[in-house]
Amino acid sequence: MAVITLLTDFGTADSYVGEVKGVLASEAPGAVVVDVTHDVTPADIRGAQYVLNRTWRRFPPRSVHLVVVDPGVGTTRRALGAAADEHFFVAPDNGLLSGLAATARFVSLPIPADAAPTFHARDVFAIAAARLATGASLEQLGAPIIDPYQSPLPIPRLDGVALVGEVIYVDRFGTLVTNIPGTAVEPGVRIHVDTVDVGPLRRTYGDVERGQLVAYVGSNGEVEIAAREGSAVRLLGVGVGAVVRA
């Protein structure tokens with residue numbers, strides 16, 4: 001059974017997600033549709049890229065991942081289909097797919113003349129996703145390209161004995177997710193966010209008292225900073241782009 005995942009910044013207060021799902025139900029009636037999230041911060045391409053990178057491998061081979069955070073909708077930016085590691089993707093050509101392997105294949109999707117210039121998710125990407133889910137090959141969807149727009153997430157750097165990274169995502173709990181891999185730091189290393197010493201790297205939230213900051217290796221393998229039963233964002237007053245040192 002085909003799986004189609006949805007990842008957008010549409011929220012759920014309006015009809016947009018429902019309209020996309022209506023197209024999928026009409027064009028790929030047997031597919032299982034999974035909502036990854038629709039609460040990406042509006043126009044936050046980097047945040048959406050992070051969520052996509054951490055989720056798509058959890059799904060079975062031949063899953064189709066429909067990803068739309070698209071501030072350039074209706075402009076000259078291309079619409080993409082892609083294939084990588086036995087998965088398919090449809091997304092605007094704005095860097096969302098920068099985390100795919102170098103061996104990924106890309107095509108430029110045609111934009112129908114009657115597509116609403118402000119709603120390609122419904123009129124372009126949902127139709128392409130449904131075609132992939134019902135057996136179409138990537139090459140049947142559009143013309144191959146070799147130059148998709150690339151805007152990969154930043155990587156940490158060494159500064160003497162310290163590894164310097166940054167916050168790349170903030171979740172709904174106010175947790176700061178960094179780009180520092182847990183495999184690159186030793187247990188107990190001290191973590192600093194900007195000028196604040198968060199303390200040594202710990203295992204989980206319960207290793208500190210309620211309301212205290214805690215640094216640990218999160219479920220996706222990166223160093224994260226949280227506040228036990230609180231919000232690290234509120235306590236520290238920082239967000240995406242804040243400097244983190246290990």
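The stops below concern aromatic rings, charged side chains and a pair of helices.

The model is predicted: local features need pLDDT of at least 70, side-chain atom pairs count only at pLDDT 80 or more, and totals for chains, interfaces and linings use all residues. Residues are numbered from 1 along each chain as its sequence is written, and side-chain values use heavy atoms, with hydrogens and water left out.

**Stop 1: aromatic rings**

A pair of aromatic rings is described by the distance of the centres and the angle of the planes. Rings of Phe, Tyr and Trp (its six-membered ring) pair if their centres lie within 6.5 Å; planes under 30 degrees apart count as stacked, over 60 as edge-to-face and the rest as tilted. The count by this rule is 6 aromatic pairs. Select Phe10 and Tyr16: their ring centres are 6.1 Å apart and their planes stand at 70°, so the pair is edge-to-face. Tyr16 is partly exposed, at a relative accessible area of 38%; buried means under 20% relative accessible area, exposed over 50%, and partly exposed in between (1.4 Å probe, protein chains only).

Next, select Trp56 and Phe89. Their ring centres are 5.2 Å apart with planes at 85°, so this pair is also edge-to-face. The pair links distant parts of the chain, 33 residues apart: Trp56 is in the loop between α2 (45-55) and β3 (64-68), and Phe89 is in strand β5 (residues 87-92). Helices (H or I, at least four residues) and strands (E, at least two) are DSSP runs, numbered from the N terminus. Are these two residues buried or exposed? Trp56 is buried at 2% relative accessibility, and Phe89 is buried at 0%.

**Stop 2: a charge over a ring**

Select Arg172 and Phe173. The charged end of Arg172 sits over the ring of Phe173, 5.4 Å from its centre. The rule requires NZ of Lys or CZ of Arg within 6 Å of the ring centre and within 35 degrees of the ring normal.

**Stop 3: salt bridges**

A salt bridge is a side-chain nitrogen of Lys or Arg within 4 Å of a carboxyl oxygen of Asp or Glu. How many salt bridges does this rule give? The count is 12. Select Arg77 and Asp70, whose closest N and O atoms are 2.6 Å apart in a salt bridge; both residues are buried.

Move to Asp93 and Arg78, which form a salt bridge at 2.8 Å, N to O. Asp93 is in the loop between β5 and β6 (105-109), and Arg78 is in the loop between β3 and β4 (79-84), 15 residues apart. Asp93 is buried at 10% relative accessible area, whereas Arg78 is partly exposed at 25%.

Then select Arg105 and Glu139, a salt bridge of 3.2 Å, N to O. Arg105 lies in strand β6 and Glu139 in helix α4 (residues 138-141), so the pair ties together parts 34 residues apart in sequence.

**Stop 4: two helices**

Finally, select helix α1 (residues 16-27) and helix α3 (residues 120-133): their axes come within 9 Å and cross at roughly 35°. Axes are lines fitted to C-alpha atoms, for helices over the stretch in contact, and angles run from 0 to 180 degrees between N-to-C directions. Contact means heavy atoms within 4.5 Å. Among the residues that meet are Val20 and Leu24 in α1, and Ala126 and Ile127 in α3. Glu19, Arg122 and Asp123 are linked in a network of salt bridges.
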